[in-house]
Amino acid sequence: MTESKQGAQASAYERAGVSIDAGHRAVHLMKDAVARTHTPNVLGGLGGFGGLFRAAFGHMEDPVLVASTDGVGTKTKVAVRTGRFGGLGGDIVNHCVNDILVQGARPLFFLDYVAMGKLSPERVAEVVTGAAQACEALGVALLGGETAEMPGVYVDGELDIVGTIVGVVDRPALITGARIEAGDTVIALPSSGLHTNGFSLARMALDDLDWNEARADLNGQTLADLLPVPHRSYLPAFDALQAAGVDVRGMAHITGGGLIDNPPRVFPAGIGMQVDTGSWTVPPVFELIVARAGVERHEAFRALNMGVGFLFILPAAQQTAALDALRVAGEQPWVIGQMTAGQGVTFTGAV
C-alpha cells in the first residue's frame, strides 16, 4: 500500500470517529502505573494479545479459582459532572476484590474495560492509573484490559468501565456461610460513601443542587467532594481477623440491594439476621438523598448501603477478639446485630 493510501485510510477511520493514535497515547500514559502492579507470576508485559499469569498457589491443598465481573453503574456520570475520573479505577478494583473476598478468596489478577464515544487518552489513563494504584496497594496484578472508542454507542463526553477479577482460595478454607448459626455475632465496617451503587437515585435527588456548595447538613463538605469518594477494600480487615485466629463463618459485601438483599445470599436455611439500626449513625449524605428523593426508609436500606460497607459473621465468643483485631488494623468496627432462627434480615430500631 502506498503512503498516500495509508494516510487516506487512517483519515477515513478518524472521520468515522475512531482514532487509533489516541488509543496508543492512552496506553503510553498508563503503562508505567500498570507495570508496577506486575508480580513475579505475570509473564510478559503490556500489549500482548492475552495476559499471562503463572498459576502458582504455594502450599494450597486444593486451589479453587473465584472470579467476578462488575461495573460502577452511573457513578460514571458523577465523574463527568465533577471532572474526577481517577476514583473510578479504585471503585471497580475494590468492588470486585470485595465480591470474591466474601468467599475467602485472595485476588490474583484484574482486567479492565474502559469505553467512550470519543476517546480521551488523558481520561482513560486517569481511570486505569487509578485502577493500577488500587491493584498495587492490594498486591493484585493488572494483567490487561481493553480501551474502546465506540462512536454512536456511547454519548460524547461519557464513559463506561467494567472490571473482572480472578482470585484463589484453598477449598478447605472456602467460606460459604454454611457454618453460620443462630447466636453468631455480626460485625460491620463502615463504607467510604455510596461506593458503586445507588447513584441513579442519588443523582435524581441531588441533581438540581450546587455540588460545589459547602453544606451545613453535610458537616461543611460539598457533594463534589463526597460523591466521587472511591469504594474501599475490606481485604486488609479480613487479613487482620485471620491473623488473630478469628473463625469467620460468613461475610457480606453491601452493594446493590443494601442490607436487605445482600446478607441473605450467604445464610444457611433456617437462619436469619437481626440488625440494630441504632448501632450506627447513618452518614449525612445518605440522609440528604433519602429526604430529597422522598423514599421510604425500607427502600433506602435496599437501594443504598446507608454507611455499612461489609459484614463479618463469627461466633459470639470471639466478638471481643475480632473487634480488637480490627481496631488494631485501623478499622472502626461495631456490632450491628446477630444471627437468629428464621430467614432474611429484620431490623430493630427505626427503619
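In this predicted model, the buried residues of helix 3 pack against helix 4 (86-101), strand 6 (159-170), helix 6 (199-206) and helix 7 (223-226). The chain that holds this helix has 351 residues, of which buried residues make up 50%, and its secondary structure comes to 12 helices and 12 strands. Among contacts between residues at least 6 apart in sequence, 85% join residues at least 24 apart.

**Helix 3 and what follows it**

- Helix 3 spans residues 75-82, and its buried residues are Lys75, Thr76, Val78, Ala79 and Thr82.
- These residues cover an arc of only 155° around the axis, and they therefore lie on the same side of helix 3.
- Just after helix 3, the backbone at Gly83 takes a positive phi, with a value of about 75°.
- Arg81 has its charged end over the ring of Trp211, at 3.8 Å from the centre of that ring.

**Aromatic pairs and a cluster**

- Trp280 counts as buried because its relative accessibility is 10%, under the cut-off of 20%.
- Phe301 also counts as buried, because its relative accessibility is 1%.
- Trp280 and Phe301 form one aromatic cluster together with Trp334 and Phe347.

**The second largest pocket**

- The second largest pocket has a volume of about 320 Å³.
- Its lining is made up of 19 residues, and those that lie nearest the centre of the pocket are Asp99, Val102, Gln103, Arg265 and Val266.
- Strand 3 (63-71), helix 4 and strand 8 (250-253) each supply at least two residues of this lining, and strand 3 gives the most, with 4 residues.

Note on methods: Residues are numbered from 1 along each chain as its sequence is written. This is a predicted model: local features need pLDDT of at least 70, side-chain atom pairs count only at pLDDT 80 or more; totals for chains, interfaces and linings use all residues. Side-chain values use heavy atoms; hydrogens and water are left out. Buried means under 20% relative accessible area, exposed over 50%, partly exposed in between (1.4 Å probe, protein chains only). Rings of Phe, Tyr and Trp (its six-membered ring) pair if their centres lie within 6.5 Å; planes under 30 degrees apart count as stacked, over 60 as edge-to-face and the rest as tilted. A charge sits over a ring if NZ of Lys or CZ of Arg is within 6 Å of the ring centre and within 35 degrees of the ring normal. The arc is that of the directions from the helix axis to the C-beta atoms. Contact means heavy atoms within 4.5 Å. On a 1 Å grid over the protein atoms alone, a cavity is a set of points where a 1.4 Å probe fits but cannot get out, and a pocket is an open set with protein on both sides within 12 Å along at least five of seven lines; lining residues have an atom within 4 Å of a point. Grid points are joined across faces, edges and corners, and a volume is the space filled by probe spheres set on the points.
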